[in-house]
Amino acid sequence: MMSITKFSILALAACLLFPVSSVYGHGLGIDTISSVDVAGKEISISVEMPMYFENEQEQITITATDKETDEPAKNVTFLIGLFHSNEMIFRNYFFTENGVLPITVLSQQGYDNFVINGEQDSLLGAYHGIESSPIEIAGPVFDSGGLFTFEIEVRTIDEPTNIIEDSGVYRADLTLVETSSHPQKDAEGNGVEFRMKSYFDKIQNFQYDPIAKKVTFEMPFDWSEGSMSHIPVVHEEVHFPKDFVEFLTPSYSGYANGIELFKASVSIDDYTEEDERIVHFVLLQDHLRFIKNEMKKSDEPLPDNIVFTLTTNDKPSFPLEAFTKSEDFKVNLSWDPIDLEPGVETNFVFTIRDGWTNEPLRNSDYTFVIIQNGQEIHRVSGVAQVGGEFEKYTFAEDQTGPTIIKFENIRNTGQETEFGMVVAPEFGTIAILILVVSLIGIISVTRKRNIFAFN
């Protein structure tokens, strides 16, 4: 199974861009304006920014490249406007002799406002730096998450005095990941802490309904075609405690503005955080277009947001699946009977597959482990001769609570993956099995097959 850090990088790398002109995302925190015509010269402009501003010093880098020579453009003056939450933070000139403009962002502690430090030229008042004294922004500019819009014009190129009157305005949006807390009440009035991690824009109006067992939250979103055409993915995470049994379920249904989402859009992760379950919303561009087309069937104007809804389901959809961290192997898991109960022998049926071709792998060694409260209660090794196999186990009356089914040392490689369950006898049956879905598995399947299954 893949760590959430790597998955977040992949998802964020795809969703950082929100352009006006021909802008494309090429990696984590990097947006590239692919074609800018400056007085007959074609250049590209990339903007790079970290997804977290956690250190005392971070850096933004803006680079202009001559597309004919693939070399950095010379003597470029940018007019850069920075916007956040529909407000302009600054709009200033910046000059780079070698086409690469590094801007150091200093810690925001101790500043009520921000300042830009650097030398300024006499022609346009453009800030420029040298190795011993770089351009600096100090103050609370990046003290909250969400979308940050860079509006960029090119005002000189080739020669410092070669002023360009109208090169056009190009826009790229980059995201700072925002984590927010949302205290709620359960059905008995007890407090429960939800958290949100947004890889797109700020979360608003978070609510948990304990009667309907439903979470709702909103996020600003521009449904115009010019914006949507350059958004590969929108990624949001809902976090809540693993011991919050009221909202634990084998699977969830997700909705965006009342439209039911694809199965691949809502996934459970119990592996990344020891004490938290994470439910991921991952909306690819095709998903967003489907939602928009469904909304257009009504007579209502398109909204300026996405309202997400997450509701519980009672039964898992077999088979469950999880990838190893390397993606080399995938394990499918089912069980019979579907309701796990103490004293009833259960068949855990599984298949070990190639993570890339999905073919069953013959003669696959494995170790099947069941863990409760950090202690192993069952361990057995075997060989899946045709790729598929089963193991039997009967839970004792006192074997309740959080449980992990783990597959270790798959094909003698040391690789492993796991599924988590919660044995909750207060529900009458042990019916809450929580799939630890590997999100990279969903991305891998999507990448390989380009198939999106409806709920």
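Which residues have the most contacts inside the largest nonpolar core? They are Phe194, Phe217, Phe221, Val234, Phe240, Phe247 and Leu288, within a core of 37 residues. A nonpolar core is here a set of buried Ala, Val, Leu, Ile, Met, Phe, Trp, Tyr and Cys residues joined through side-chain atoms within 4.5 Å, and buried means under 20% relative accessible area, with exposed over 50% and partly exposed in between (1.4 Å probe, protein chains only). A second, separate core of 36 residues includes Ile45, Ile62, Val105 and Ile152. In soluble globular proteins, nonpolar side chains tend to be buried together.

This is a predicted model, in which local features need pLDDT of at least 70 and side-chain atom pairs count only at pLDDT 80 or more, while totals for chains, interfaces and linings use all residues. Residues are numbered from 1 along each chain as its sequence is written, and side-chain values use heavy atoms, with hydrogens and water left out.

**Overall picture**

The protein has 4 helices and 33 strands, taken as DSSP runs numbered from the N terminus (helices, H or I, of at least four residues; strands, E, of at least two). Of its 455 residues, 51% count as buried. Among the contacts with a separation of 6 or more, 61% are between residues 24 or more positions apart, where contact means heavy atoms within 4.5 Å.

**Aromatic residues**

The structure holds 29 aromatic pairs; rings of Phe, Tyr and Trp (its six-membered ring) pair if their centres lie within 6.5 Å, and planes under 30 degrees apart count as stacked, over 60 as edge-to-face and the rest as tilted.

| Pair | Centre to centre | Angle between planes | Class |
|---|---|---|---|
| Phe194 and Phe206 | 5.3 Å | 50° | tilted |
| Phe348 and Phe368 | 5.8 Å | 45° | tilted |

Apart from its neighbours within four places in sequence, Phe240 is in contact with Glu193, Phe194, Phe247, Leu248, Tyr252, Asp275, Glu276, Arg277 and Val279.

**Sheets and the helix across them**

Strand E16 is part of an open sheet of 5 strands in the order E15-E16-E19-E23-E22, with antiparallel pairing; two strands pair if DSSP finds at least two bridges between them. Strand E15 (178-185) and strand E22 (266-269) stand at the edges with a single partner strand each, so one side of each is left without a neighbour in the sheet. From one strand to the next, the twist averages 20°. The antiparallel strands E15 and E16 are joined by 8 bridges, and Ser180 stands opposite Met196 in E16.

Helix H3 (residues 285-296) lies across strand E19 (233-241) and strand E23 (276-284), running at about 75° to E23. For such angles, axes are lines fitted to C-alpha atoms, for helices over the stretch in contact, and values run from 0 to 180 degrees between N-to-C directions.

Strand E20 (residues 251-256) and strand E24 (residues 305-313) pair in the antiparallel sense over 6 bridges, and the bridge partner of Tyr255 in E24 is Thr309.

E28 runs antiparallel to strand E29 (residues 375-384), to which 9 bridges join it, with Val383 in E29 as the bridge partner of Asp365. The two strands form a hairpin with 2 residues between them, and Asn373 in the turn has a positive phi of about 55°.
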